[in-house]
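Hi everyone, thanks for coming.

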Amino acid sequence: MPVYNVNTLEEFQALLNLPNLLVFKVYANWCGPCQAYKPQFEQLSNQYNDNVIFIESDVSNNFVNVTSLPTTLFIKNNQILDKIYGIDLPLLQQKITQYA
């Protein structure tokens, strides 16, 4: 599945109401590690079916408060279940399996 770029609060809120697991990456264009993470995140999104939705948004959209970039949040039923700060692909896959 593709990674959906979320640019408006309305788009973000609509996704929060879905029953799927949302894997939500917060990034910034000026962030070097965020740019390195981008192709890895996209590749990972193609490994999962419709029950996991990969989304991303620039930190300037202010949908969630984060203290580090990149940050990946795991959201289901409008609740943040977990967070990963930085890039840790094995942990990311573990969390997807845990929460999907």
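First, some ground rules. This is a predicted model, so local features need pLDDT of at least 70 and side-chain atom pairs count only at pLDDT 80 or more, while totals for chains, interfaces and linings use all residues. Residues are numbered from 1 along each chain as its sequence is written, and side-chain values use heavy atoms, with hydrogens and water left out.

Okay, the fold. The chain has three helices and five strands. Those are DSSP runs, numbered from the N terminus: helices are H or I with at least four residues, strands are E with at least two. Reading from the N terminus, the order is β-α-β-α-β-β-β-α.

How many Å does the C-alpha trace span along its principal axes? About 30 × 30 × 20 Å.

Next, contacts, meaning heavy atoms within 4.5 Å. Take the contacts in the chain with a separation of 6 or more: 70% of them are between residues 24 or more positions apart.

Now let's go inside. Of the 100 residues, 43% count as buried. Buried means under 20% relative accessible area, exposed means over 50%, and partly exposed is in between, using a 1.4 Å probe and protein chains only.

The largest nonpolar core has 14 residues, and Val 23, Phe 54, Phe 74, Leu 92 and Ile 96 touch the most other members. Strand 2 (21-27), helix 2, strand 3 and helix 3 each give two or more residues to this core. There's also a second, separate core of 13 residues, including Val 6, Val 26, Ile 53 and Ile 55. By a nonpolar core I mean a set of buried Ala, Val, Leu, Ile, Met, Phe, Trp, Tyr and Cys residues joined through side-chain atoms within 4.5 Å.

On to the rings. A pair of aromatic rings is described by the distance of the centres and the angle of the planes. Rings of Phe, Tyr and Trp (its six-membered ring) pair if their centres lie within 6.5 Å; planes under 30 degrees apart are stacked, over 60 edge-to-face, and the rest tilted.

How many aromatic pairs does the structure hold? Six. In one of them, Phe 41 and Phe 54 sit edge-to-face, 5.2 Å centre to centre with 70 degrees between the planes. This pair links distant parts of the chain: Phe 41 is in helix 2 (residues 32-45) and Phe 54 is in strand 3 (residues 52-58), 13 residues apart. Phe 41 has 0% relative accessibility, so it counts as buried, and Phe 54 is buried too, at 1%.

Then look at Phe 74 and Tyr 99: their ring centres are 6.2 Å apart and the planes are at 40 degrees, so the pair is tilted. Phe 74 lies in strand 4 (residues 71-76) and Tyr 99 in helix 3 (residues 89-99), so this pair ties together parts that are 25 residues apart in sequence. Phe 74 is buried at 0%, and Tyr 99 counts as buried at 17%.

Ring pairs also link Tyr 37, Phe 41, Tyr 48 and Phe 54 into a cluster. The charged end of Lys 25 sits over the ring of Tyr 37, 5.5 Å from its centre. Lys 25 also lies over the face of Tyr 27, at 5.4 Å from the ring centre. For that, NZ of Lys or CZ of Arg has to be within 6 Å of the ring centre and within 35 degrees of the ring normal.

Last stop, the backbone. Most residues other than glycine have a negative phi, and most peptide bonds are trans. Here, a cis peptide bond joins Leu 69 and Pro 70, with omega about -10 degrees. Pro 70 is in the loop between strand 3 and strand 4.

Asn 77 isn't a glycine, yet its phi is positive, about 55 degrees. Asn 78 isn't a glycine either, and has a positive phi of about 65 degrees. Asn 77 is exposed at 55% relative accessibility, while Asn 78 is partly exposed at 44%.

That's my tour, thanks!
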